[in-house]
Each structure stands twice: as C-alpha cells, then as structure tokens.
Amino acid sequence: MENCFIEHFERSIKENWDLTAMTNYITKQNYTYKQVGEEIARLHILFKELNISQQDKIALVGRNTPEWAITFLATITYGAVIVPILQDFHPNDIQHIVNHSESKLLFLSDSQWENLTEENLQTIRGVFSITDFRCIYQAPGESIQMTMKHLNTIFEEKYHKGFTKDDVTYPEKDAREMAVLNYTSGTTGFSKGVMLSGINFCSMIDYSVQTSLVGKGYKILSFLPLAHAYGCAFDFIAQFAGGSHITFLTRLPSPKVLLKAMEDVKPDTIFTVPLIIEKIYKNNILPMISKTSIKVATNIPIISNRIYAEIRNKLINVFGGEFKKLVIGGAPFNREVEDFLLKINFPFTVGYGMTECAPLISVDCESFTPHSVGKPITDCEVKIDSADPYNTPGEILVKGKNVMLGYYKNEEATKNVFTEDGWLRTGDIGVIDKENNIYIKGRSKTMILTSSGQNVYPEEIEAKINNLPFVSESIVIQSDDKIVALVYPDFAAMDEMRIDHNDLEAILEEQRKGINQNLAAYEQIKQFKIHPTEFEKTPKKSIKRYLYEK
C-alpha cells in the first residue's frame with residue numbers, strides 16, 4: 001500500500017509545528033501548523049461521530065480562505081474524498097455536482113447557502129458554514145447540531161493533556177485510490193467529475209520540491225481558485241506539504257487588489273494565468289514603449305538595454321520584488337507579450353496542464369525554451385499522435401503518475417479519453433522538439449478545417465487580434481465557411497483617447513486588413529464582428545467558446 005499523500009501532510013504539520021501556515025489577507029487571522037493540526041483533529045472527531053467512511057464524499061464550495069483549506073485537509077487526511085466546487089458555478093450546477101458526487105456533507109459560505117434549495121440536495125446529511133464551521137442545516141432525522149454542541153467537550157476529553165505532535169497521526173489510505181473528485185469547468189460546456197488519486201498529487205508535490213517551487217518558510221499568495229486543480233496543487237497542496245506560509249487573498253483578484261497584496265506579501269513563488277500578465281502588459285507597459293521617444297531610444301543598443309532593465313525592475317517590483325520563480329499556465333500565453341518578457345530578461349516560465357493530470361504535464365523552471373510550454377515533468381511521458389511529431393502537429397498524448405483514474409460514473413467518457421494502450425488524449429494539438437520541449441498549436445475541438453483542407457488554429461490568430469489598440473478580447477470562429485472574428489472592443493481605451501464610438505467599425509476594418517497581411521491566405525479573416533459585451537468565461541478566465549460558435 002502506498003500512503004505517500006496523507007503522509008506528506010502529517011509530516012509537514014509535525015516538522016513545521018510553530019511556523020505560520022496560513023493567513024487571511026483581509027482579516028489578518030493566522031494559523032500555525034499546530035493550529036491547523038488542531039482544527040483538522042476537531043473535524044476528524046466530527047466525521048467519526050457522524051460515521052463518515054473513507055468512501056464518502058464531502059463537498060466544499062467557497063473563496064480561498066484558511067477555513068476552506070482546513071476543510072480540504074481534514075477530509076483527505078481522514079481518508080474521505082473531497083469534492084471542491086468552483087464558487088462561480090451557478091447554484092443549479094452546484095446542486096447537480098453535490099448530487100452527482102453523492103456527497104454526504106457540504107461545507108460552504110453562508111451567502112452561497114442562501115442560493116441553494118435544501119430539498120434538492122438528495123444525499124446531503126448536513127451543511128456547514130466554512131466561516132466558523134457551525135452546522136447550518138441537518139437533514140430530517142439527523143442530530144448533527146446536537147453533536148456540534150458537544151464537539152469541544154469530546155475534543156478536550158480526547159486531548160486532555162493538550163494537543164501535541166504525537167497526536168498528529170492519520171489513517172492509512174492507499175494513495176492509488178481516489179482522494180479528490182474535481183469537476184471540470186472547461187470551454188466545451190460539459191462538466192465531468194475527474195477522479196484524482198493521492199499518487200496524482202504526490203507527483204505534483206515531488207516535482208515542486210525538486211524544482212524549489214516550494215520550500216520551508218516560503219511566502220505564497222494564493223489567488224487562483226482553489227477548487228481548480230492548478231491553484232489547488234501549487235498555491236496550496238504542494239506549499240502546505242513543503243512548509244510554506246500561504247496567504248489567502250479571500251476576494252476576487254482585481255488588478256488593484258492583487259498588486260497591493262503582492263506588495264504586502266512579497267511572495268517567493270508566483271503561480272498565475274496569462275490574462276493577468278497580459279493586462280499588465282497592455283495597460284501599463286505597451287503605452288510606455290509605444291511612445292515615439294522610447295521607440296527611437298530602443299533602436300540604440302546602449303540606451304535600449306538601460307530602458308529594458310528599468311522596465312524589468314519595475315515589473316519585478318509590481319510582483320513584490322522578491323519572487324524566485326513566476327510560473328504562467330492555465331491558458332495559452334500571448335506570443336507578443338511573451339516575446340517582450342524575453343526581451344527584457346524577465347524571470348518567468350510557461351507550463352502546461354489539465355485537470356485530468358492533477359494538473360501539470362510540462363514546465364521547465366531552469367532553462368525555459370521560448371514559445372514552448374516546457375518539458376514533461378518527472379514520471380510523465382508525452383508523445384505526439386503524428387507521423388512526424390517534430391514538424392506535423394498532432395494530438396498530445398500523456399501517460400504517467402499524474403494521469404487521473406477516470407471520470408466519475410462515466411465509463412463512456414473515460415473509455416473515449418484513453419487510447420487502447422493507455423495514453424490520455426489531451427485534446428490539444430502540438431509538436432515536440434528533439435530536446436523534448438512541447439509546443440502547443442491549439443485545441444483539437446477549436447481547430448478549424450477549411451474547405452481547402454488547411455488547419456487553422458484560432459488561438460494563434462486571437463493572440464494577434466487581442467494586441468490591437470481598442471480590442472479587449474476576441475474569438476475566431478468559422479461561419480459559412482469563412483473565418484470570422486468576434487471582437488469585444490476596449491471601450492475604456494477608446495474613451496481615454498477620445499475616439500468616437502461611431503468610428504469603431506472603420507477602425508476595426510483597417511485593423512483587420514493589417515492583421516491579414518501577417519496571415520497565410522487560408523487564415524485570412526473575412527470580417528470583424530463587434531460583440532457588445534464581454535465573453536462569458538470559466539473561473540480560469542478562458543472564454544466559453546461553445547456559447548459563440550455556430
């Protein structure tokens with residue numbers, strides 16, 4: 001039996017006993033590793049009193065907070081299965097996931113409870129607030145609220161000599177079994193329950209330690225949604241196992257709030273998504289380097305080096321000034337922004353993953369190759385389904401310790417996502433070079449096949465369009481056998497430049513012609529269509545393309 005997953009947390013609590021483990025950025029409330037251990041022990045008593053078994057599911061919904069993290073840890077160290085649910089899901093979707101997962105208990109914020117209907121929660125025995133862990137609902141016939149009244153007494157009787165390191169002993173559970181049931185929030189419109197084992201997450205922890213993405217006493221700012229595999233694995237699970245101090249932002253990461261938090265926390269490692277970096281580039285850097293005087297100066301090598309060094313230092317300070325690594329992942333990264341960061345020698349790397357791989361597939365923290373998404377991580381194999389994987393794009397296939405067990409209660413989807421010899425079909429199209437660096441071209445489901453048989457990858461064209469003045473975001477689709485771009489304008493930028501909104505169509509038409517000059521004939525955009533509102537997105541800030549494709 002492999003018990004590596006639960007052992008990571010047992011060991012970390014003991015070894016980092018007096019260190020600060022978690023902080024609520026807004027309230028400034030701190031938990032030491034000892035206090036986290038005590039809260040876990042308290043919840044373990046509750047689970048035992050309620051006869052929760054290791055096969056039972058416990059659902060968890062809410063913002064990133066220490067209490068969210070403690071509930072997660074208490075569940076997996078008890079041996080039960082945690083079901084983290086993105087708080088941005090519609091209440092109907094939350095109820096569906098709770099029912100589909102057959103969860104016995106539900107932890108969530110009070111405000112979210114107001115939007116749910118208790119009669120629709122078919123398998124739930126009790127609902128708890130993650131603000132203070134009180135029971136806010138018990139199913140008919142249950143006596144959970146009475147149990148809660150005696151919980152402190154039971155805790156004090158069990159640990160009458162005080163809670164010590166020796167009391168941190170967790171049950172054995174085979175790490176090959178399901179530990180986390182994570183429902184996807186992809187752009188295709190279908191949410192599936194991804195069964196992730198302890199082994200899957202152990203591979204993330206081990207890789208993080210090997211590459212110094214985690215370390216005892218590291219300062220981490222957690223702002224990616226913890227219910228998503230990316231944030232959960234790297235802003236939380238690996239960090240707690242490694243003895244880091246995690247500060248939970250506890251609110252939506254608007255640029256203003258996030259950058260102030262970066263300044264205050266000064267994180268040692270940063271995990272982020274492209275959208276945040278791209279917004280900083282477009283709103284803060286691009287206007288500066290577009291000035292005529294700067295353009296002229298950057299053509300003079302001695303002066304350009306000074307200018308780029310100054311921009312680099314300012315950008316580093318924006319992220320707190322002390323980080324050792326900045327990892328970008330979760331969505332395609334804009335090529336122009338990446339090229340600029342490379343030009344100024346900014347310390348970053350780009351990774352690639354998916355929920356089904358818990359989530360990391362590839363990254364290179366030491367010698368990042370431009371425009372790639374790094375090399376496969378340890379204990380992960382990658383191959384391209386192509387006769388010529390170096391030059392002809394094909395589907396990216398994955399096999400390794402990071403690959404999921406399958407989709408919960410969905411044998412057909414599980415069968416379809418694996419090849420006959422056990423490789424996971426990622427749905428992404430790419431190539432790989434002889435040094436094992438992976439280059440992603442796009443999603444197989446979004447790839448456009450033209451009438452002439454040519455493959456068009458919308459993401460590559462969208463990256464060019466999104467860098468245009470007065471364009472906020474875009475989607476490239478096929479309509480009546482023509483390549484069309486839906487464009488949501490940057491109205492704020494237009495107002496700042498005092499551009500009449502009536503001139504928008506003419507401006508976009510000129511920009512379309514300019515874009516086409518840099519595209520192959522079969523990629524040419526026939527029309528820019530103005531979309532009046534922001535595109536609906538997943539919590540990872542990826543556009544839900546299926547809502548707009550015809």
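## Aromatic cluster and ring pairs

In this predicted model, one aromatic cluster brings together F5, F9, Y33, F201 and F240. Searching the whole structure turns up 26 aromatic pairs. Take W17 and F163: their ring centres sit 6.1 Å apart with the planes at 15 degrees, and since planes under 30 degrees apart count as stacked, this pair is stacked. W17 is in the loop between α1 (4-15) and β1 (20-24), while F163 is in the loop between α7 (151-158) and β8 (178-183), so the pair links distant parts of the chain, 146 residues apart. Both W17 and F163 are buried.

W113 and Y137 make a tilted pair, with 5.6 Å centre to centre and 35 degrees between the planes. Helix α5 (residues 110-113) holds W113 and strand β7 (residues 135-138) holds Y137, so this pair ties together parts 24 residues apart in sequence. Both W113 and Y137 are buried.

## Charges over rings

Two charge-over-ring contacts are worth a look. R42 lies over the face of F155, 4.2 Å from the ring centre. K192 does likewise with the face of Y407, at 5.1 Å from the ring centre.

## The second largest pocket

How much space lies in the second largest pocket? It's about 460 Å³. The lining has 14 residues, with K282, L286, P287, P469 and A493 lying nearest the pocket's centre.

Helices α11 (274-289) and α17 (491-496) each supply at least two lining residues, and α11 gives the most, with four. Sorted by class, the lining of this pocket comes out as eight nonpolar, three polar and three charged residues.

Conventions. Residues are numbered from 1 along each chain as its sequence is written. This is a predicted model: local features need pLDDT of at least 70, side-chain atom pairs count only at pLDDT 80 or more; totals for chains, interfaces and linings use all residues. Side-chain values use heavy atoms; hydrogens and water are left out. On a 1 Å grid over the protein atoms alone, a cavity is a set of points where a 1.4 Å probe fits but cannot get out, and a pocket is an open set with protein on both sides within 12 Å along at least five of seven lines; lining residues have an atom within 4 Å of a point. Grid points are joined across faces, edges and corners, and a volume is the space filled by probe spheres set on the points. Ala, Val, Leu, Ile, Met, Phe, Trp, Tyr, Cys and Pro count as nonpolar, Asp, Glu, Lys and Arg as charged, and the others, Gly among them, as polar. Rings of Phe, Tyr and Trp (its six-membered ring) pair if their centres lie within 6.5 Å; planes under 30 degrees apart count as stacked, over 60 as edge-to-face and the rest as tilted. Buried means under 20% relative accessible area, exposed over 50%, partly exposed in between (1.4 Å probe, protein chains only). A charge sits over a ring if NZ of Lys or CZ of Arg is within 6 Å of the ring centre and within 35 degrees of the ring normal.
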